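Hi,

Here is the structure I said I would pass on. Have a look at it first, and then read my notes below.

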Amino acid sequence: MITTPVMPKASKRRRKTRTSNVNHRPPVIASKLEVNELELTPGKEHLVCPDCSTWVPITGMLGTPKLVPHHTGRAKAAEPRRCTAGSNRQVTIDVEADAWRTQLIEAAPTVASRRATKVLPKPKVKPAPAASQVKPVPLSAEQVRRVFRQHQQRCLACKGEAKNRDGQQLPCPDGERLAVTFLRLLRQEPRRQAVREFFARERRRFDRQYAEAAPAKRVSEWAAVLPKVKDADTRRSQVPVGGRPTEARSVPIVPGDEKAFDQRQAELGRRYAARTAAA
């Protein structure tokens, strides 16, 4: 019978670090932590260590809850440093899991509302004109009448429904002011219309006179500049001496003084020979 050696089998490790050591510091109060710094899901209890700001599991939920020994940095990091101030520190769970979950759900919309929204381009608004550039628009009786009718429909005093403590009807100063303005503009309307018609007739007469005088004015202007135009045309038609191109010569160009030309050429030749010999 052939026997095979039994292969060694590793024992199952505990899921959480368990130790009887207890930190002497006061316990961490769960209700004093932020909602997002606590996790109370059954079987996944965690919280953020107040000393090193690291998520740490909570052990002993059925007895004395406390933080497991942990490091200050990330797991499997080089040169790990143990959090001695927060390891094995007791935790006081004074918050129900359902209440904590409700607060977490209610805080989600609040956080979403604080997020930056899309930046919309600001509409370009035309700058307001200066006070000296504002042109007042004259009021007409029809405009004031419409405003007065709208005021009467909204005002209780104008309708006769507003009364004082003695039962007397209250007057409406705004309605009275609008009524006086409407009557004044209504009396002035014939004169304003006459003034507008007068300016319209004058404008039409001026345009008609300008159109009739335009041809004669144009003729006089042309007559004033005609001598200068004729003088410019005359000077442009005259060609200065040497300006007109001449026919090409069939004979080669020869210098005027041939003896001086030969002497100058000989001198240039000697200078060139001396410069070549020196080089």
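A quick definition before the salt bridges: I call it a salt bridge when a side-chain nitrogen of Lys or Arg is within 4 Å of a carboxyl oxygen of Asp or Glu. With that rule, a search of the whole structure turns up 13 salt bridges.

Some housekeeping. This is a predicted model, in which local features need pLDDT of at least 70 and side-chain atom pairs count only at pLDDT 80 or more, while totals for chains, interfaces and linings use all residues. Residues are numbered from 1 along each chain as its sequence is written, and side-chain values use heavy atoms, with hydrogens and water left out.

The protein has five helices and six strands, where helices (H or I, at least four residues) and strands (E, at least two) are DSSP runs numbered from the N terminus. Along the sequence the pattern reads β-β-β-β-β-β-α-α-α-α-α. Of the 279 residues, 15% count as buried; buried means under 20% relative accessible area, exposed means over 50%, and partly exposed is in between (1.4 Å probe, protein chains only). The accessible surface comes to about 24,600 Å², and 56% of that belongs to carbon and sulfur atoms. Those areas come from the Shrake-Rupley method with a 1.4 Å probe, and for residues only the protein chains shown count as cover. As for contacts (heavy atoms within 4.5 Å), take those between residues at least 6 apart in sequence: 49% of them join residues at least 24 apart.

On to the sheet. Four strands form an open sheet in the order E2-E3-E4-E5, with antiparallel pairing. Strand E2 (38-39) and strand E5 (66-67) stand at the edges with a single partner strand each, so one side of each has no neighbour in the sheet. Two strands are taken to pair if DSSP finds at least two bridges between them. Strand E4 (residues 55-59) and E5 pair in the antiparallel sense over two bridges, and threonine 59 has lysine 66 in E5 as its bridge partner.

Glutamate 142 bridges to arginine 146, their closest N and O atoms being 3.7 Å apart. Both lie in helix H2 (residues 141-154), four residues apart, or about one turn of the helix. Glutamate 142 is partly exposed at 38% relative accessibility, and arginine 146 is partly exposed at 43%.

Helix H4 (residues 173-237) has a couple of these too. Aspartate 174 and arginine 177 meet in a salt bridge at 4.0 Å, N to O; they are three residues apart in helix H4, about one helical turn. Aspartate 174 is partly exposed, with a relative accessible area of 39%. Aspartate 233 and arginine 236 make another at 2.3 Å, N to O, and they too lie in helix H4, three residues apart. Here aspartate 233 is partly exposed at 36%, whereas arginine 236 counts as exposed at 60%. Elsewhere, salt bridges that share partners join Arg25, Asp51 and Arg89 into one network.

What else is in helix H4? Leucine 185 is there, and with a relative accessible area of 3% leucine 185 is buried. Leaving aside residues up to four places away in sequence, leucine 185 touches Leu139, Ser140, Ala141, Val144 and Arg192.

Together, Trp222, Val225, Leu226 and Val229 make a nonpolar surface patch of about 370 Å². For patches, residues need over 30% relative accessible area and no salt bridge; like charges are joined within 9 Å, and nonpolar side chains (Val, Leu, Ile, Met, Phe, Trp, Tyr) within 5 Å.

Last item: which rings make up the one aromatic pair? The structure holds one such pair, and the rings of phenylalanine 198 and phenylalanine 199 have centres 5.7 Å apart and planes at 70 degrees, so the pair is edge-to-face. Rings of Phe, Tyr and Trp (its six-membered ring) pair if their centres lie within 6.5 Å, with planes under 30 degrees apart counted as stacked, over 60 as edge-to-face and the rest as tilted. Phenylalanine 198 is partly exposed at 40%, while phenylalanine 199 counts as exposed at 55%.

Cheers
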